[in-house]
Each structure stands twice: as structure tokens, then as C-alpha cells.
Amino acid sequence: LYVGFSAWGRARRCSTILREVAGYRRTGVAKPRRRYMVFELVPVSGELPRIGREQVEEAIEGACRLLYGALGHSVMRPTLVYYDESRAVGILSFKHTWRNHVLLLLSLVKEVGGVRVVAVPLRTTGTRRRALNYAREA
């Protein structure tokens, strides 16, 4: 069976158009997935008093809104999943495409509950269970 190049090209264009209409075309955009970053709050000087979960959430949200505004905050959706007040270790959930932005965001958290701190990212994982295991070990 012999098909000319022009007929083959027309058939190929028609098939790609049909695939686009049917929704089968692959785009270069990845589906956003959730990632979990384990971090630790280290006091700049002295002991770290018990800092509540609400205070940590306010500090992270404030830094995020300062850096990216309300729109960036809603797209990134940083969520404090877990926070251990005794060891000052927490887990932050976010979209995977914003990983580098979350690292920058954690570097902007300078004060939590009136205490000067440094947020140190320890590990990024793909599942909540692994993040919890790592946070409990750290």
C-alpha cells in the first residue's frame, strides 16, 4: 500500500486535531502534586520557649503573603501539617512546583511568637507518612 507524503501529512494533522479535541494531547505541564518539607525552628540566642502551632502558622502565612501576595499564597497553598512544640519540628505541605519558593519562604521566617528563630529545612518527602517518621526521628 503506497500513500503519498502529502496524503500522509494531511492524515497526520487530522489525527492530531482529533486527539486535541478528545483531550489526549500531552502538554508539557505537570500535574501539581503535594510535597512535605520537614523543618526545625532553631533559636538565634538562648532557649526556645514553647511556641504554639498557631504562632508558627501565622509566621509562615505572613512571610508567604509578604513575598508572593495573596495570589501566590493561594496557588502555593502552604499548610502546616504537623508541629511538635517540645522539639520545634514541623511539617509544611505545598505544591511540588513551588519547592524552591518554599525554601526561600522558610528563610524569611525570622521571628515566631516574639522569639528570633531560624527555620532550618531538614528534608523534603513525597508522602506524609515518611515526613512524620522523619520528624519524629529528628
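## A tour from the helix pair to the cores

Start by selecting α2 and α3: their axes come within 8 Å and cross at roughly 155 degrees. (Axes are lines fitted to C-alpha atoms, for helices over the stretch in contact, and angles run from 0 to 180 degrees between N-to-C directions.) That makes α2 roughly antiparallel to α3, the word for angles over 145 degrees. Helices here are DSSP runs of H or I with at least four residues, strands are runs of E with at least two, and both are numbered from the N terminus.

Before going on, note that this is a predicted model, in which local features need pLDDT of at least 70 and side-chain atom pairs count only at pLDDT 80 or more, while totals for chains, interfaces and linings use all residues. Residues are numbered from 1 along each chain as its sequence is written, and side-chain values use heavy atoms, leaving out hydrogens and water.

Now show side chains between the two helices. I60, A63, C64, L67, Y68 and M76 of α2 meet H101, V102, L104, L105 and L108 of α3; contact means heavy atoms within 4.5 Å.

Stay on α3, residues 99-108, and colour V102, L105 and L106, which are buried (under 20% relative accessible area with a 1.4 Å probe, protein chains only). Look down the axis of α3: its buried residues fall within an arc of 100 degrees, so they line one face of the helix. The arc is taken from the directions from the helix axis to the C-beta atoms. Among what covers these residues are β1 (34-43), α2 (53-76), β3 (89-95) and β5 (115-125).

Next, the sheet. Select its five strands, which form an open sheet in the order β2-β3-β1-β5-β4 with antiparallel pairing; two strands pair if DSSP finds at least two bridges between them. At the edges sit β2 (79-84) and β4 (111-112), each pairing on one side only. Five bridges join β2 to β3, and L80 stands opposite L92 in β3. Bring α2 back: this helix lies across β1, β2, β3 and β4, at about 160 degrees to β2.

Finally, turn to the nonpolar cores, sets of buried Ala, Val, Leu, Ile, Met, Phe, Trp, Tyr and Cys residues joined through side-chain atoms within 4.5 Å. The largest has 24 residues, and F39, L41, V56, I60, M76, Y83 and V112 have the most contacts inside it. α2 gives the most to this core, with six residues. Zoom in on V112: beyond its neighbours within four places in sequence, V112 touches I51, Q55, V56, A59 and V117. For a last stop, select Y36, Y82, A131 and L132, which are among the nine residues of a second, separate core.

Conventions
Buried means under 20% relative accessible area, exposed over 50%, partly exposed in between (1.4 Å probe, protein chains only). Angles under 35 degrees count as roughly parallel, over 145 as roughly antiparallel, 65 to 115 as roughly perpendicular and the rest as oblique.
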